[in-house]
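Hi,

Here's the structure I promised to pass on.

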Amino acid sequence: MIIHPNFDPVAVSVGPLAIHWYGLMYLIGFAVGVWLGRYRAARPGCGWQVAEISDLLFYIAIGVIAGGRLGYVLFYNPLFYAGNWAAVFAIWDGGMSFHGGLLGVLAAVWLYARRTGRGFLAVGDFLAPLIAPGLGLGRLGNFINQELWGRVTDAPWAVLFHTMPDAPRHPSQLYELALEGVALFAIVWVYSARARPIGRVSGAFVLGYGALRIIAEFFREPDAHLGAVALGWVTMGQLLSVPMVLLGAFLLWRPAR
């Protein structure tokens, strides 16, 4: 058994200004996304200009933060936030939904594509390989914050969290870091190295994330106020991931245009 180091959730404090680890992970994730985007745009034949990347990622940042927070509020804890509206804006305390963030990103991509005259799926194909590192860093922020712990286990690498000291648990945040951050990035980055029909790279990301999230949910403790939402074992994260798997499969295997 491993005892969680009980990190201070505040990474840097300067007078009244406090930068939380959770927010810092998002900032680093966006910075990595910008760097990867510039690297891809600089390759011959990419069809993108390096100068466009910062503008695109600005749209995405707004979509991720707004969509991720609203998704968590609406999908996971609407009753609590209905009576605590001020807490909706306290994102430094954690509470972001990937599926809500994805909807925010889709809206941002649509706006960006419409403004620049690019195709929606073409923008998605360029963006998809840049996302996974930020997802992994977000899970690392969850681990530091001691939230979204795993299910109780007697595995030798089980972690005893100070916020849930009843029993050792799977460090599911680190599992998701490995699956949604490292493995998904490697899959989509390698797949996108060759020219693919429009929509294929987006499909690989959506299908890959949905499948890996479904697997990770078997080790993650369901939200106490939700529990299983179907069949006595299906979690909200799994339920929301099923449409992603279906959409990703459609994009990957539809006839090429």
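Let's start with a charge over a ring: arginine 118 lies over the face of tryptophan 48, 3.8 Å from the ring centre. Bear in mind that this is a predicted model.

Where do the two sit? Tryptophan 48 is in the loop between α1 and α2 and phenylalanine 126 is in helix α5, so the pair ties together parts that are 78 residues apart in sequence. Both tryptophan 48 and phenylalanine 126 are buried. Setting aside neighbours within four places in sequence, tryptophan 48 also touches other residues, and its contacts include Ala41, Ile53, Leu56, Tyr112, Ala122 and Val123.

That leads on to the core. The largest nonpolar core has 18 residues, and Trp48, Leu56, Ile60, Val123, Phe126, Leu127 and Leu130 are those with the most contacts inside it. At least two residues of this core come from each of α1 (21–41), α2 (50–75), α4 (98–116) and α5 (120–127). There's also a second, separate core of 13 residues, with Phe98, Ala132, Leu135 and Tyr209 among them. As background, nonpolar side chains tend to be buried together in soluble globular proteins.

Now for the other aromatics. How many aromatic pairs does the structure hold? There are 8. One of them is tryptophan 35 with tyrosine 39, a stacked pair at 6.1 Å centre to centre and 20° between the planes. These two are 4 residues apart in helix α1, so about one helical turn separates them. Is tryptophan 35 buried or exposed? Tryptophan 35 is exposed, because its relative accessible area is 58% and the cut-off is over 50%. Tyrosine 39 counts as partly exposed, at 45% relative accessibility. Trp35 and Tyr39 also form one aromatic cluster with Phe185 and Trp189.

There's another charge over a ring to look at: the charged end of arginine 196 sits over tyrosine 191, 4.0 Å from the centre of the ring.

Last, a loop residue. Threonine 153 is in the loop between α6 (132–145) and β4 (159–161). Threonine 153 has a relative accessible area of 14%, which means that it counts as buried, the cut-off being under 20%. Apart from neighbours within four places in sequence, threonine 153 is in contact with Ala158, Pro168, Arg169 and His170.

Cheers

Methods. Residues are numbered from 1 along each chain as its sequence is written. This is a predicted model: local features need pLDDT of at least 70, side-chain atom pairs count only at pLDDT 80 or more; totals for chains, interfaces and linings use all residues. Side-chain values use heavy atoms; hydrogens and water are left out. Buried means under 20% relative accessible area, exposed over 50%, partly exposed in between (1.4 Å probe, protein chains only). Contact means heavy atoms within 4.5 Å. A nonpolar core is a set of buried Ala, Val, Leu, Ile, Met, Phe, Trp, Tyr and Cys residues joined through side-chain atoms within 4.5 Å. Rings of Phe, Tyr and Trp (its six-membered ring) pair if their centres lie within 6.5 Å; planes under 30 degrees apart count as stacked, over 60 as edge-to-face and the rest as tilted. A charge sits over a ring if NZ of Lys or CZ of Arg is within 6 Å of the ring centre and within 35 degrees of the ring normal.
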